[in-house]
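Hi,

Here is the structure I promised to pass on.

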Amino acid sequence: VSTQSTGERPRVNGTVLMAETQKELPRILLMGPPRAGKTSLRKVIFNKMAPQETIFMEPNTQVTKTCIANSAFVELELVELPGTGMIGFPNDFYNVKAFEDAKFLDQRTGAIIFVLDSQESEDSWREEIKKMCILAKKVHDDGLSKSISFEVFLHKTENMQDEKKTEIQRIVNTVISENLDDAGIGGAVQCSCHVTSIYDQTVFESFSKVARKLLPEEGILENLLDTMVNSCRMVKAYMFDMVSKMCVASDSCICLERHNELCSDMIDIVIDFSAIYGSGDQFDPESFSIIKLDTKSAANKSRQNTVLLYLRAVAKNVALVCVIEQEAYDGKMGLIDYNFTQFREGVEELIRAKESERE
Amino acid sequence: PSMANVPNKVLLMGKHNTGKTSMRSIIFADYIARDTRRLGPTIDVDYSMVRFVGDLVLNLWDCGGQDNFMESYLKTQREHIFKHVGVLIYVFDVQSSEIEDDMQKFEECIQAVAENSDTCKVFCLIHKMDTIQLESDREARFRDHRARIMESIGKFEIIDRGGAVTCFRTSIWDETLYKAWSSIVYSLIPNIKMLEEQLQCFANICEADEVVLFEKKTFLVLVHATMREHKDVHRFEKISNFIKQFKLSCSKSSSKFASLELRNSQFTAFVENFTSNTYVMVVMSDPDIEAAATRININAGRQHFERNSLASGEIH
Ligand SMILES: Nc1nc2c(ncn2[C@@H]2O[C@H](COP(=O)(O)OP(=O)(O)OP(=O)(O)O)[C@@H](O)[C@H]2O)c(=O)[nH]1
Ligand SMILES: Nc1nc2c(ncn2[C@@H]2O[C@H](COP(=O)(O)OP(=O)(O)O)[C@@H](O)[C@H]2O)c(=O)[nH]1
Ligand SMILES: [Mg+2]
C-alpha cells in the first residue's frame, strides 16, 4: 500500500503528519474495471494533472491510499483499488472474504465510487454492475447500508450529447435496480449514478457531491450561506476547496443558471494568477477577486445585465464565491463586507469546534 | 507606411494532419482543444480574413496538406499561392517518422516562397509536443528538429528574411500555442515600436509593475511594458491561455467576460476592456495606490490609445 499526500499538510520524509488522526478521516473507495479512468480521475482532481496528460498513465496494480487534507472541509482518505482481477484481491468481487480481510468495509467508509467506461459496450457495464451489486449485498448484510453509499460514475462522456447522457444514466439505473431486486435488497442500499469526464467540470461536481455527503457540517454551512445570501440579495453562494476545486457547500436557493462551473473556473484563474504574480501555491488570506460578466438572465432573455462573481478567502484553502447582480453590489460594498465578516467568523468557529473535538 | 503595399497574406502550410486547422480554429474561431478531433482534412485552401488591431488585416490561407494539394500548390497554382506572402507558417508534426520527406517538402515550399515573395518572414512550428511525455525529451526533440530546419534554410540565400527563421515548439494543449501565435502577430503589426513606447508611458503613469495589451478576440499578447523584472518568462502566454479558456466557459453559459480584478496581499491585477479591439492588463504591487486611481488611469489611457495608436484605418 503506497501512501501519498496532497495539499498543504507539513510532511516529514514523504509521510503525512496525521498518524493519530488518520483513523478518523472518512474514507471513499474508488473502484471499477481496468482502464475505466480511476487513476486519471484521482490525479486530475487531487494532483492537478492536466486531463490530456493522463494518456501516459501506466495501469495501476496496487491499492493506493491517498490522504487528502486540503482544508478543514476536505479531509478524507481515498483508497483506489486496481481493476485487475487478481485472485484474492479486493476487486475480485466474488471473493467477498478478501474484501473483508482488507478491512475496507466499516463505519469509516462513506462511499464507494464505481467508475465505468461509458465508451465500452452496454454488456460490459451490465457485467460490472452485477459485480458491484454483490458487494452491495455484502454491505447490506453487514448492516452498513445506511453509512455506505454506492456512486456509479459513468465516465469518459465528454463527447456525449445531453440526451445520450440521460439515456445511459437511465439504463444504468435500471440495471442497478434489477440486480438489487434480484438480490432481495431493492431500495435498501443507497445508489446514485453520475455522468462524468475529466475533460470538463463534471468530474469535480460529481466528486463534490459524494464528498459532501460525508461532511457533517454541511447543514450548518448551508445555513450560514443562506443568511449571507438573503442579507445581501445575492443570487447564489458557493464555498470551494481551493486545492481540489471541490464545492463543499452552497446556499439552499434553487437557481436556474449554471454558475457553479464558472465559479469553479474562477478559482483556477485566481490560483493561476497568484502563482505568477503572488507567492506561488501559498494560500493568501487576503485573496479577493471580482469578475464581471455580461449575461442574459435565463428568466428574461431580452434583459441584458451585469453579474459579478465575487471571491473571498474564508479560511485556509477555502474560498467563498458569490454570484451577485451589479445593482445589488453597487453602493452596498459595506453591507457585503459586513456580512462576509460575519460569515467568516461563523466558519472559523465551526473549524475551531471541529479541531477541539478531535483533541 | 500604408498597409496597401505590405503583403499581408499569411500562408499556413505543412503536411496533412500536422494540426494547422486545429491551431487556427483555437486561436481565431474559439474552438476548445478537445473539439479539434472532429475536424476533417482541409480541402485545397481555406481562406479567412481576420481583422486585427489598427490597420492590420490578416489574410489567412490554410492550405490542406495532402500530397495532391501540395503538388498543385507547387506546380499549377504556384504563383497564386506563393505571391504576396507576408508570413509563411510551416507546421511539422513532432511525431513524424518520415523526416526526410518532411524536410524535402519544406524546402520546396521555401524555394517557391523565396522566388515569389522576397520579403516573406518564416515561422516554423514543431507541433504536437504534448505527445512526448517528458519535458527534457521535448526540448531535445525540438532542438534536433530546429537544427534540421536551419540546415534546410541555409540552402536558400534568396529570401530577405529580416534576420532568421523563427522556430517554436507548440501544442494545442498548453500555452506554447499562444506564445508562437503572439510572436507571429507581433511581427506583422505596423507601428509596433510606437505602440510599445506609448504603453511604456502609460505604465509609468499608472506606476504599474506591468501592463499588457491583448487582442480582444484571440487574447493574443500584442505588446507589454514591464517595469519590474519578473521570474516567469512564460507568463504572458499563460495568461492568454487562462483568460481565453475562461472566456470560452463564459460563452457556454451564455454570458460574456467583461472584466477582472484580482487582489491579494502582494499584488492587484486588472484586466479590462480597453480600446475597440484590445484588452489591457495592469499589474500593481504598490499597496499605497488605490484601485480607484488605477481605474481612472485605465479610462484615461483607453481614450488616448483609441485616438492615437490603435484606431483602425488610420495612418500615422
Ligand atoms: N496531440 C495533439 N494532437 C493535435 C495537436 N494539434 C492538432 N492535433 C490533432 O491532429 C489532428 C489533425 O488536425 P488538423 O488541424 O485537421 O490537421 P491539418 O494540418 O489541418 O490537416 P490538413 O488539413 O489535412 O492539412 C486532429 O485530430 C487534431 O485534434 C496537438 O498539439 N497535439
Ligand atoms: N476520453 C476520456 N478518457 C479518459 C477519461 N478519464 C480517463 N481517460 C483515459 O482512460 C485511460 C485509462 O485511465 P486510468 O486512469 O489509467 O484507468 P484506471 O485503470 O481505471 O485507473 C487513460 O488513457 C486516460 O487518459 C475521460 O474522462 N475521458
Ligand atoms: Mg486542415
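How many residue pairs are in polar contact across the interface of chain B and chain A? The rule finds 14, both residues at pLDDT 80 or more; a polar contact is a pair of N or O atoms within 3.5 Å, one able to donate a hydrogen and the other to accept it, with sequence neighbours counted only if both atoms are side-chain atoms.

Some housekeeping: this is a predicted model, with local features needing pLDDT of at least 70 and side-chain atom pairs 80 or more, while totals for chains, interfaces and linings use all residues. Residues are numbered from 1 along each chain, chains are lettered from A and ligands numbered from 1 as written, and side-chain values use heavy atoms, without hydrogens or water.

Back to the interface. There is 1 salt bridge between chain B and chain A (a Lys or Arg side-chain nitrogen within 4 Å of an Asp or Glu carboxyl oxygen): Lys252(B) pairs with Glu261(A), with the closest N and O atoms 3.1 Å apart. The contact (heavy atoms within 4.5 Å) takes 40 residues from chain B and 33 residues from chain A.

Within chain B, the axes of H1 (residues 20-29) and H6 (residues 176-188) come within 11 Å and cross at roughly 80° (axes are lines fitted to C-alpha atoms over the stretch in contact, angles running from 0 to 180 degrees between N-to-C directions; helices are DSSP H or I runs of at least four residues). H1(B) and H6(B) are therefore roughly perpendicular (65 to 115 degrees). Met23(B), Ile26(B), Ile27(B) and Phe28(B) in H1(B) meet Leu177(B), Tyr178(B) and Trp181(B) in H6(B).

Cheers

Terms used
Helix = DSSP H or I, 4+ residues; strand = E, 2+ residues; numbered from the N terminus. Parallel < 35°, antiparallel > 145°, perpendicular 65-115°, else oblique.
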